[in-house]
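Hi,

Here is the structure I promised to pass on to you. Have a look at it first, and then read my notes below with the picture open.

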Amino acid sequence: MKPITVELTVDPRYQKSTVTITTPDEELGSELAAHVRNFVSNQQELILKADDSYFFLKQSEIIYVEVLAKELTIFCEQETYRLHQTLKKILEQLNANFIQVSKSTVINTKKIKRLEVAFSGNYYAYLVPKQKIVISRRYMPELKKKINLQIRSEQHENIH
């Protein structure tokens with residue numbers, strides 16, 4: 001691997017921090033970007049507002065998040081929290097263990113117990129303790145990449 005140059009510019013005029021990665025190696029760039037995203041979003045605790053209350057929630061306790069009819073539900077090991085927030089907004093707050101698996105669902109990859117092929121190219125994710133979540137085939141490639149899963153092609157092979 002060639003040496004990497006790291007530059008830091010601190011300027012109080014900026015409203016938010018920006019990290020730019022310039023590299024001729026796409027794989028290295030993707031890995032560095034993933035590390036930066038993980039570093040930035042690796043908060044261990046979320047502070048969520050529901051009605052007139054604030055909840056302090058450890059991300060490691062979250063099993064999955066689902067939105068139905070503009071109501072976001074966070075399913076945890078011990079409790080369920082309901083609030084009015086978009087899936088996109090909560091996904092921005094979650095650390096790198098979380099991934100969107102359908103239009104309305106985000107799961108904690110650390111809670112996956114097993115994956116099973118479902119009908120029409122979708123998958124089922126069985127999460128700890130006993131949740132069964134449909135993973136849309138549109139989101140499956142990203143999940144495979146995130147958990148380093150090598151699933152053989154679903155095409156039938158002729159064995160002679």
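**A sheet of three strands**

Let's start with an open sheet of three strands, which pair antiparallel in the order β8-β9-β10. The edges are β8 (112-117) and β10 (131-135); each has a single partner strand, so one side of each has no neighbour in the sheet. From one strand to the next, the twist averages 25 degrees. Keep in mind as you look around that this is a predicted model.

You can follow the pairing in detail between β8 and β9 (residues 123-127): the two run antiparallel and are joined by five bridges.

**The chain as a whole**

Stepping back, you'll find three helices and ten strands in the chain. Reading from the N terminus, the order is α-β-β-β-β-β-α-β-β-β-β-β-α. The chain has 160 residues, and 30% of them count as buried. If you take the contacts between residues at least 6 apart in sequence, 40% of them join residues at least 24 apart.

How many of the seven residues of strand β3 are buried? Five are, so this strand (residues 62-68) is mostly covered, if you take buried to mean under 20% relative accessible area. As for side chains in general, those of a regular strand alternate between the two faces of the sheet.

β3 pairs with β4 (residues 71-76) through six bridges, and the two run antiparallel. Glu 66, for example, has Thr 73 in β4 as its bridge partner. Together β3 and β4 make a hairpin with two residues between them, and Ala 69 in the turn has a positive phi of about 50 degrees.

β3 also pairs with strand β7 (residues 105-108), again antiparallel, this time with three bridges. Here Tyr 64 has Ile 107 in β7 as its bridge partner.

**Charged pairs**

Side chains of opposite charge can pair when their charged atoms come close. I have four salt bridges on the list for this model, and here are some of them.

- Lys 111 and Glu 77 meet through their side chains at 2.4 Å, N to O. Lys 111 is in the loop between β7 and β8, while Glu 77 is in the loop between β4 and β5 (80-83), so this pair ties together parts that are 34 residues apart in sequence. Lys 111 is buried, at 11% relative accessible area, whereas Glu 77 is partly exposed, at 43%.
- Asp 11 and Arg 13 also form a salt bridge, at 2.5 Å, N to O. Asp 11 is buried, with 17% relative accessible area, but Arg 13 is exposed, with 68%.
- Arg 114 and Glu 116 form another, at 3.0 Å, N to O. Arg 114 is partly exposed at 42%, and Glu 116 is partly exposed too, at 27%.

**A nonpolar patch**

Finally, which residues form a nonpolar patch on the surface? They are Ile 47, Tyr 54 and Phe 56, and together they have about 370 Å² of accessible area. Tyr 54 sits in strand β2 (residues 53-58). Its relative accessibility is 52%, so Tyr 54 counts as exposed, the cut-off being over 50%.

Happy exploring!

Methods: Residues are numbered from 1 along each chain as its sequence is written. This is a predicted model: local features need pLDDT of at least 70, side-chain atom pairs count only at pLDDT 80 or more; totals for chains, interfaces and linings use all residues. Side-chain values use heavy atoms; hydrogens and water are left out. Patches are made of residues with over 30% relative accessible area and no salt bridge: like charges are joined within 9 Å, nonpolar side chains (Val, Leu, Ile, Met, Phe, Trp, Tyr) within 5 Å. Accessible areas come from the Shrake-Rupley method with a 1.4 Å probe; for residues, only the protein chains shown count as cover. Helices (H or I, at least four residues) and strands (E, at least two) are DSSP runs, numbered from the N terminus. Buried means under 20% relative accessible area, exposed over 50%, partly exposed in between (1.4 Å probe, protein chains only). Two strands pair if DSSP finds at least two bridges between them. Axes are lines fitted to C-alpha atoms, for helices over the stretch in contact, and angles run from 0 to 180 degrees between N-to-C directions. Contact means heavy atoms within 4.5 Å.
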